[in-house]
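Please look through the sequence and the model shown here before reading on. The report that follows takes up charged pairs, a helix, the core and the chain as a whole.

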Amino acid sequence: AAAALAECFDDARSDTDRLAAAQRALFAPGNSVDPSFLDPGRTVVAARAQSFTPRLVVQGLDDRIAPPENGYRLRERWPDRVEVVDVPDAGHAILNEQPAAVSAAIINYIARLP
């Protein structure tokens with residue numbers, strides 16, 4: 001999975017090869033990769049968003065890049081700041097794979113904020 005992750009962000013590879021690598025590294029079996037996944041702005045936006053606290057961790061249970069145990073460890077370390085929502089049938093590309101589950105988790109979380 002780590003080698004495939006590196007391939008999907010390798011600009012020297014064709015878009016077809018990068019999407020195939022993304023499928024191997026980030027998506028649960030049977031879910032398709034949307035070509036918009038290769039938009040370079042996605043990485044920058046995600047990195048900025050992850051720097052804020054408190055944190056909602058919406059994680060795919062089939063994620064091979066960031067296994068669910070990572071979210072559980074964050075919650076154990078900062079139980080007052082981290083909430084974890086597990087989403088079945090989703091890999092690292094959870095937003096592409098399970099957009100309804102992700103949006104429902106976010107809406108539910110935001111509705112409970114002060």
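## Salt bridges

D10 and R13 join their side chains in a salt bridge, with N and O 3.6 Å apart, where a salt bridge is a side-chain nitrogen of Lys or Arg within 4 Å of a carboxyl oxygen of Asp or Glu. Both partners are partly exposed, D10 having a relative accessible area of 28% and R13 one of 34%; in these terms buried means under 20% relative accessible area, exposed over 50% and partly exposed in between, taken with a 1.4 Å probe and protein chains only. This is a predicted model, in which local features need pLDDT of at least 70 and side-chain atom pairs count only at pLDDT 80 or more, while totals for chains, interfaces and linings use all residues. Residues are numbered from 1 along each chain as its sequence is written, and side-chain values use heavy atoms, with hydrogens and water left out.

Five salt bridges are found in a search of the whole structure. One of them pairs E7 with R24, whose closest N and O atoms are 2.7 Å apart. Because E7 lies in helix α1 and R24 in helix α2, this pair ties together parts that are 17 residues apart in sequence; helices (H or I, at least four residues) and strands (E, at least two) are DSSP runs numbered from the N terminus. R24 is partly exposed, at a relative accessible area of 43%.

## R18 and its partners

A further salt bridge links the side chains of R18 and D11, at 3.7 Å from N to O. Through salt bridges that share partners, D11, D15 and R18 are joined into one network.

R18 is part of helix α2. Leaving aside residues up to four places away in sequence, R18 touches E7, C8, F9, D10, D11, R13 and L38, a contact being heavy atoms within 4.5 Å.

## Helix α2

The 12 residues of α2 should span 16 Å at 1.5 Å a residue, and its end C-alpha atoms are 16 Å apart, which agrees; the expected span is 1.5 Å times one less than the number of residues in the helix. The buried residues of this helix are R18, L19, A21, A22, A25 and L26. Seen down the axis of α2, these buried residues fall within an arc of 160°, so they line one face of the helix, the arc being that of the directions from the helix axis to the C-beta atoms. The cover over the buried residues of α2 includes α1 and α5 (94-97).

## The nonpolar core

Which residues make up the largest nonpolar core? There are 12 of them: A4, C8, L19, A21, A22, A25, L26, F27, V33, F37, L38 and A93, a nonpolar core being a set of buried Ala, Val, Leu, Ile, Met, Phe, Trp, Tyr and Cys residues joined through side-chain atoms within 4.5 Å. Both α1 (2-8) and α2 (15-26) supply at least two residues of this core, and α2 gives the most, with five.

A4 touches A21, R24 and A25, when residues up to four places away in sequence are not counted. F37 sits in the loop between α2 and α3 (41-49) and is buried, with a relative accessible area of 9%. Although F37 and A93 are 56 residues apart in sequence, their C-alpha atoms are 8.5 Å apart in space.

## D89 in its loop

D89 is placed in the loop between β2 (82-87) and α5, and it is exposed, with a relative accessible area of 52%. The phi of D89 is near 60°, a positive value in a residue other than glycine. Most residues other than glycine have a negative phi.

## The chain as a whole

The chain holds six helices and two strands, and from the N terminus on its elements run α-α-α-β-α-β-α-α. Of the 114 residues in the chain, 26% are buried. Among contacts between residues at least 6 apart in sequence, 58% join residues at least 24 apart.

The accessible surface of the chain comes to about 7,200 Å², and 57% of it belongs to carbon and sulfur atoms. Such areas come from the Shrake-Rupley method with a 1.4 Å probe, and for residues only the protein chains shown count as cover.
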